[in-house]
Amino acid sequence: MNEEGGTLKSPEQPQAASPSAVAPSVDRSMRSLMESYIGRIPQEQRVASVRMAWQELWWRASRYLQKDDLMHMGEAFVYSAESHGAQLRYNDDPYIVHSLGAASALSDMQLDVQTLIAAILHDVIEDTDITPETLGAKFGGDVLTLVDGVTKLGKIQFTNVEEYQAENLRKMFLVMAKDIRVVLIKLADRLHNMSTITGHKREKQIAIANETLEIYAPLAHRLGIYHIKRELEDMSFKVIDPETYYDIRRRVRKKLPESELLIKRGMEALRERLSEEGVRAEILGRPKHYYSIYEKMNRKNLSLDQIYDLLALRVIVNTLAECYQVLGIVHTLWKPIPGQFDDYIANPKGNMYQSLHSTVVGPEGDPLEVQIRTWDMHRFAEYGIAAHWQYKEKKSRSSEMSGMDKKLAWIRQALEGQGEYAGPSEFLDNLKTDVLTTEVFVFTPQGKVISVPNGSTPIDFAYSVHTEIGHKCVGAMVNGRIVPMDYTLQNGDIVRILTSPQGKPSRDWLKIAKANRTRNKIRSYFRQIDRAEREDKIDRGRDLLDREIQRRYPGERRTIDSFTHVLSRVASDLGITGVEDLIVSIGVGHHTAQGVMIRAESLVARDEESSQTPKSGARQSREGDSAVVVEGAEGVLVTLALCCFPVPGDKIIGCVTQSRGITVHRHECKNLKKVQEDKKVSVAWGHKKEVRYTARIKVEANDRVGVFADLGAAIGQTDGLIVNIRGTVINGVRTKFVIELQVWDIEHLYRVIARINLIKGLIEITRE
């Protein structure tokens with residue numbers, strides 16, 4: 001059944017009242033004040049469309065705002081008009097017409113003056129030279145927060161449209177979590193954009209309409225603002241599939257007189273019975289809008305002739321008790337159809353919608369839907385969250401916010417775990433699947449109502465109750481009987497989750513769970529398990545390799561770190577991605593520590609053998625290193641230290657060793673403190689060759705999915721080559737990477753570091 005409100009005479013959308021229709025109710029002084037603001041805007045904007053849009057907003061707002069508020073609104077109008085100047089929209093209207101149109105839609109909901117001002121100014125930061133600081137100083141912090149919340153991320157470069165769309169929505173939801181008015185402005189903005197969509201090319205019209213149907217109409221539904229939801233759906237439907245839209249409209253208009261006659265008879269019969277019972281009520285006809293008809297035809301595979309609820313009865317009473325009294329009267333007047341009753345008063349929808357719905361056998365034997373609600377419920381059914389969100393004084397605002405905190409938990413749900421999303425597509429998928437989808441309402445055994453996305457399974461229900469209940473789930477009972485884990489929950493199901501201390505998630509649940517939120521929690525569990533198992537393998541592999549090194553080099557303080565460079569070459573020879581994976585391979589027994597060290601020593605011996613032929617000025621132990629000049633000596637074996645990895649451009653110093661000739665260190669190398677002064681010699685970079693040098697850096701960042709990929713991309717984009725990388729997670733929130741990469745010189749290394757600095761969530765980069 002349909003929970004929505006609607007227009008009362010026709011499924012056509014209601015038109016805004018014209019200025020002439022409401023002007024007589026406004027006194028002469030207020031009319032003069034309104035006109036004074038027109039005289040202050042730039043000359044090129046004093047056109048009929050601007051005047052009409054401003055008058056319409058003024059008349060609507062003057063129904064509930066005080067004179068001072070209207071004057072503040074007028075100042076915003078002048079400021080916005082001056083800021084936009086000669087800017088025109090795609091339909092050649094002055095830009096201010098759009099801003100005034102959005103504000104008019106909000107004035108219908110009788111929103112506070114700050115919201116109307118923010119709507120008038122909502123494109124100023126994005127499309128003019130006005131800065132946030134200037135706007136905030138002029139109109140205050142509240143207005144700036146709202147304007148900033150709907151301002152697109154225009155100055156940031158994105159790789160594709162999907163990423164741009166996702167980040168704008170993420171930003172909007174972040175502000176929504178603090179102030180719901182930002183989404184009301186965004187909906188009003190989209191509503192006016194859809195009303196002028198014909199100014200765009202056909203391809204862009206379809207793209208905008210699809211986005212509206214997938215994101216903004218469901219968002220209006222989630223907020224309970226049904227009059228905006230209906231308009232957005234019908235306007236999008238008209239753009240996407242005009243042939244079907246006009247066919248349904250034509251057939252509905254043809255069928256409407258017959259339906260109206262039946263409804264009229266039902267209204268008369270019910271009005272007479274209510275009068276006999278002494279119940280004062282308003283009885284109205286409620287038509288279906290075109291898109292909901294189209295949806296029902298597709299969902300139930302019906303023809304238009306098989307849809308009997310094109311019109312329905314709506315009964316509006318004064319008290320809650322009268323709602324149930326009227327329900328009893330309706331059921332005595334007409335026979336109720338079994339299974340076609342919903343009590344959304346006792347069990348409100350997730351968007352706080354309340355009403356009684358019952359389908360009965362009507363006067364002519366056809367199904368007739370009857371909706372029963374109070375006036376407060378009716379007002380909320382049309383305006384949703386806006387009906388509750390009053391900002392008249394700070395005290396009432398605080399109590400309003402605290403009372404609605406739980407009801408708006410779904411906004412925080414949209415942002416919950418966003419650090420786990422691998423990219424924009426995951427965020428959008430989560431938004432559409434978990435937040436902006438239709439809901440199913442099921443019950444715990446204690447009678448608590450839990451809302452889950454349509455199509456959800458007992459696993460989704462378990463994780464909605466509590467993450468640990470989901471982790472320990474071993475089965476489920478629905479309506480007193482055992483059901484499989486892939487059972488699809490239905491409205492009204494009573495669900496009991498069976499748990500066990502030994503219970504744990506199965507990877508197969510990822511295929512069964514409907515909600516992305518559920519799948520994210522399951523993935524998080526297995527990431528922790530995999531991480532713990534990997535750490536165990538790393539510990540075992542390091543222990544085996546350390547023992548082998550000590551066995552081969554007794555009495556020497558050699559560790560795995562002193563062989564890191566050569567071990568990375570061993571890993572490459574074995575087709576393994578890095579040293580850490582090589583250690584894991586040793587830990588699980590795929591390779592032996594002895595076999596790895598034999599390969600490592602073989603590579604070292606080969607390097608030393610190839611370095612025996614001296615070159616002018618210097619010799620080196622690593623293939624391709626540029627010459628290093630040793631002061632006062634020629635033909636000396638020179639190696640670059642593996643503890644500090646110097647590259648051309650670094651300040652360097654040489655240390656005389658017994659077996660490796662002279663090792664070259666960076667001036668800041670910690671190991672130089674252990675070297676006697678008489679062992680240090682002056683060295684300098686000689687002739688530079690077109691070869692790469694290995695450098696080592698340490699990167700710390702917030703732990704999130706995709707940080708490894710972003711790091712690799714940053715290094716690759718700056719022509720760096722990763723030869724080894726290992727990462728660890730600190731306290732479950734930070735990731736530390738130690739990276740060995742090849743660069744041409746110190747300037748190249750600095751370019752790489754500068755690019756890494758741009759990675760989201762970066763904390764620190766240091767050179768090892």
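Predicted model: local features only at pLDDT ≥ 70, side-chain atom pairs only at ≥ 80, totals over all residues.
Glu56, Arg60, Arg63 and Asp108 are joined to one another in a network of salt bridges.

**Salt bridges**

Side chains of opposite charge can pair when their charged atoms come close. In this model the count of salt bridges comes to 26. Arg60 is buried, at a relative accessible area of 9%, whereas Asp108 is partly exposed, at 28%.

Another salt bridge brings together the side chains of Asp581 and Arg534, at 2.5 Å from N to O. Here too distant parts of the chain are linked, since Asp581 is in helix α27 (residues 579-588) and Arg534 is in helix α25, 47 residues apart. Asp581 counts as partly exposed, with 25% relative accessibility, and Arg534 is likewise partly exposed, with a relative accessible area of 29%.

A further salt bridge joins the side chains of Arg551 and Glu548, at 2.7 Å from N to O. Both residues lie in helix α25; because they are three residues apart there, about one helical turn separates them. Glu548 is buried, with a relative accessible area of 9%.

| Salt bridge | N to O distance |
|---|---|
| Asp581 and Arg534 | 2.5 Å |
| Arg551 and Glu548 | 2.7 Å |

**A charged patch on the surface**

Helix α25 spans residues 516-552 and includes Asp536. Together with Glu533, Glu535 and Asp539, Asp536 forms a patch of negative charge on the surface. Asp536 has a relative accessible area of 53% and is therefore classed as exposed.

**A loop residue**

Gly589 is found in the loop between α27 and α28 (593-610). Gly589 is exposed, its relative accessible area being 52%. In sequence Gly589 stands 49 residues from Arg540, while in space their C-alpha atoms are 9.9 Å apart.

**Two buried residues**

Val326 is part of helix α16, which covers residues 320-333. With a relative accessible area of 0%, Val326 is buried. The C-alpha atom of Val326 is separated by 7.5 Å from that of Leu274, although the two residues are 52 residues apart along the chain.

Thr735 is placed in strand β20, which runs over residues 734-743. Thr735 is buried as well, at a relative accessible area of 5%. The side chain of Thr735 makes a polar contact with the side chain of Asp703, at a distance of 2.9 Å.

Technical notes. Residues numbered from 1 in each chain as written. Heavy atoms only, no water. Patch = residues over 30% accessible without salt bridge, like charges linked within 9 Å, V, L, I, M, F, W, Y side chains within 5 Å. Areas by Shrake-Rupley, 256 points an atom, 1.4 Å probe, with all protein chains shown as cover. Salt bridge = Lys/Arg side-chain N within 4 Å of Asp/Glu carboxyl O. Lys, Arg positive; Asp, Glu negative; His and termini not counted. Charge placed at Lys NZ, Arg CZ, Asp CG, Glu CD. Helix = DSSP H or I, 4+ residues; strand = E, 2+ residues; numbered from the N terminus. Buried < 20%, exposed > 50% of the residue type's maximum accessible area, 1.4 Å probe, protein only. Polar contact = N/O pair within 3.5 Å; in protein donor to acceptor, adjacent residues only side chain to side chain.
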